[in-house]
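I open these notebook entries with the contact between the chains and then turn to backbone and side-chain details.

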There are 2 protein chains.
Amino acid sequence: MRVAVLGATGAVGRELMGVLERRRFPARELFALASSRSAGKTLPFGGGEVEVQDAEGFDFSVCDIVFCCVGSDTARRFVPRAIEAGCFVVDNSSAYRMQPDVPLVVPEINGDEVRPPLVANPNCTTAITLVALAPLHRRWRMRRLIAATYQAASGAGAVAISELLSHTDAALKGSKPKPCVFPRSIAFNLFPHIGDFAGSYTKEELKLEQETRKILNETDIKVSAFCVRVPVVRAHSVVAFVCFDDQPDPKEAEQLIMQSSGVELRKPYPTPMDAEGKDAVLVGRVRSDAALERALSLWIVGDQLLKGAALNAVQIGEKLLEVI
Amino acid sequence: MRVAVLGATGAVGRELMGVLERRRFPARELFALASSRSAGKTLPFGGGEVEVQDAEGFDFSVCDIVFCCVGSDTARRFVPRAIEAGCFVVDNSSAYRMQPDVPLVVPEINGDEVRPPLVANPNCTTAITLVALAPLHRRWRMRRLIAATYQAASGAGAVAISELLSHTDAALKGSKPKPCVFPRSIAFNLFPHIGDFAGSYTKEELKLEQETRKILNETDIKVSAFCVRVPVVRAHSVVAFVCFDDQPDPKEAEQLIMQSSGVELRKPYPTPMDAEGKDAVLVGRVRSDAALERALSLWIVGDQLLKGAALNAVQIGEKLLEVI
């Protein structure tokens, strides 16, 4: 396969190149694409280096598969070009996720929906949460998901990680720089504001609602999320209160999680630091919920850049290899 | 009033002395009590200094009121002595909170229960959460509270704040010291573990359940909490999903919060940094819940050392002045 990574210099793009290498994705050629600003830089790949090319003038007809790791506005410009040129595209952005003819895929859940020319990769929190909840949903049928998240800086990109580290360093030295990437100060602080507001919910919160329904193919699951940015580098945590049709059992839920791919049980609980760099989503503290009927609550942690982005995208690419 | 602060050198004790001063609590004399280790140190108070005395040999009969700011084991040793000596005691620990003959008080909610000789001060998360929810409970009657917390280091004491700051500094320099005060590393990390485990819930989570019922005098409210320690210095945040008997209205809920004492509406949302050093609990993002019936969800932030501990205790002391 001739592979292009669009947005190769970003946090997700860089991670994705590492995942391609590590999982020995059959990339005969790799094109690292970014904005003209980054053109000419080199990135490590396959023991050597690849030179970053300007995406703007790139002829997509020389590739078979494009991993699109840019924001949704940029994705809307490049995805049609890549499809037009005959590429299969895995898009990490939110641009096409809710389009009815575009599959939105977490391979452990609905990998059979992968088909050319375009598959959307879910929002990071959605992918991490659902890979943990899908085995429970299959067993007892999830009806409501009430989630509070603890989302790492990496979700806002490489610059956001720098801002977390440099502003924390400044705070320790007694100064308080103005936030740039984040809407509020992130040093020893947190805020319930990820994505723009769309009414009383944020777009991030609505993504968890809409994408959950689409991925599980269940239009009437009710989802309410509070998405919160926390001063953590790169793994997201989620507290999930989940109501089912049938009476769930926490011990059996643990068994189901242990038997499922993409998710691991860690007792008593994993932390974001434990999940950093791990492919598996980690789950702990599975319990009968004390306030809701026929409900479990649990703690879910996943690497935002891996299962939340790059890993899931490459897994979609792997599924494609089986299909074509 | 002749006032003693037991545990004067701790995070809560020091804060409490500041609150007594700031609110001009009529303290004719102030005794700062701590362990023999701290005896002889001085603490600033009332423009001058007070010398810390060893609590062990202290004759409580020289005081009228004792603010007990020590852990529950130590409280169990000293509270009976102080009561025996004729003092009125406000106990910050969990030792007596659930004892039926001891009032557990958030003055804005059940201040009329204050009476000699002993009043218990609630758990920090409980006090912060309930001062925000009480106006909504009075209007629509709360039936279920589902909460996920974001709890600051200060809740684990002054040493915990030092550990957060020093371990974060170490992490920025590339080293990773072993956790001492916390069960897991707190630098750029978080964990759902506050207090010991008691089955599948932690003691902190059970406190929110039991204390909520006692303070609101409603034995059948259902409470499920996930309490999480986060790398924040001194203000707790809470995501609350709240089901009511009657259909609530988010706009009216905002009005009720604006009209209530001890709580302020901050749109679109407050952060822990905004709440630091503030008496009022701050609330934002009040909305109809998308997943639960007759429910609101909202964001609550409060200074853990103030409304979560020292301020509430001093307010109890002030209520006593009205009673005696």
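**Entry 1. The interface.** I looked up the buried area first: chain B and chain A bury about 4900 Å² between them, with 65% of it on carbon and sulfur atoms. Buried area here is the accessible area (1.4 Å probe) that two parts lose on being put together, summed over both. I note that B:Phe188, B:Phe226 and B:Arg285 supply 15% of the area that chain B buries against chain A, more than any other three residues.

I record the provenance before going on: this is a predicted model, in which local features need pLDDT of at least 70 and side-chain atom pairs count only at pLDDT 80 or more, while totals for chains, interfaces and linings use all residues. Residues are numbered from 1 along each chain as its sequence is written, chains are lettered from A and ligands numbered from 1 in the order in which they are written, and side-chain values use heavy atoms, with hydrogens and water left out.

I then looked up contacts (heavy atoms within 4.5 Å). On chain B, 59 residues are in contact with 59 residues of chain A.

Entry 2. I find 34 residue pairs in polar contact between chain B and chain A, both residues at pLDDT 80 or more. A polar contact is a pair of N or O atoms within 3.5 Å; within protein, one must be able to donate a hydrogen and the other to accept it, and residues adjacent in sequence count only if both atoms are side-chain atoms.

The elements of chain B that give two or more residues to the side touching chain A include β8 (142-150), α5 (158-172), β12 (235-244) and β15 (295-303). Helices (H or I, at least four residues) and strands (E, at least two) are DSSP runs, numbered from the N terminus. I note that β8(B) gives the most to this side, with 7 residues. The residues on this side of chain B divide into 36 nonpolar, 12 polar and 11 charged. In that division Ala, Val, Leu, Ile, Met, Phe, Trp, Tyr, Cys and Pro count as nonpolar, Asp, Glu, Lys and Arg as charged, and the others, Gly among them, as polar.

I count 10 salt bridges between chain B and chain A, each a side-chain nitrogen of Lys or Arg within 4 Å of a carboxyl oxygen of Asp or Glu. One pairs B:Asp274 with A:Arg184 at 2.7 Å, N to O. Another pairs B:Arg184 with A:Asp274, at 2.7 Å, N to O. B:Arg184 lies in the loop between α5 and β9 (197-198) of chain B and A:Asp274 in helix α8 of chain A, so this pair joins two chains.

**Entry 3. Symmetry.** I asked how the copies are related. A rotation of 180° with 0.0 Å of shift along its axis superposes chain B on chain A, with an RMSD of 0.0 Å; this is the relation of a two-fold axis. The same surface serves both copies, since 100% of the contact residues of chain B recur in chain A. The superposition is by least squares on the C-alpha atoms of residues with pLDDT of at least 70 in both copies.

**Entry 4. Salt bridges within chain A.** Over all chains, I find 57 salt bridges in the whole structure. A:Arg234 and A:Glu15 meet in one of 3.1 Å, N to O. A:Arg234 lies in the loop between β11 and β12 and A:Glu15 in helix α1 (residues 11-22), so the pair ties together parts that are 219 residues apart in sequence. A:Arg234 counts as buried at 15% relative accessibility; buried means under 20% relative accessible area, exposed over 50%, and partly exposed in between (1.4 Å probe, protein chains only).

A:Asp279 forms a salt bridge with A:Arg22, the closest N and O atoms being 2.9 Å apart. The pair ties together parts that are 257 residues apart in sequence, because A:Asp279 lies in the loop between α8 and β14 and A:Arg22 in helix α1 of chain A. Both ends are partly exposed, A:Asp279 at 26% and A:Arg22 at 44%.

**Entry 5. Backbone.** I looked up the peptide bond from A:Pro116 to A:Pro117 and find it cis, with omega near 0°. The bond from B:Pro116 to B:Pro117 is also cis. A:Asn217 has a positive phi of about 55° although it is not a glycine, and at 63% relative accessibility this residue is exposed.
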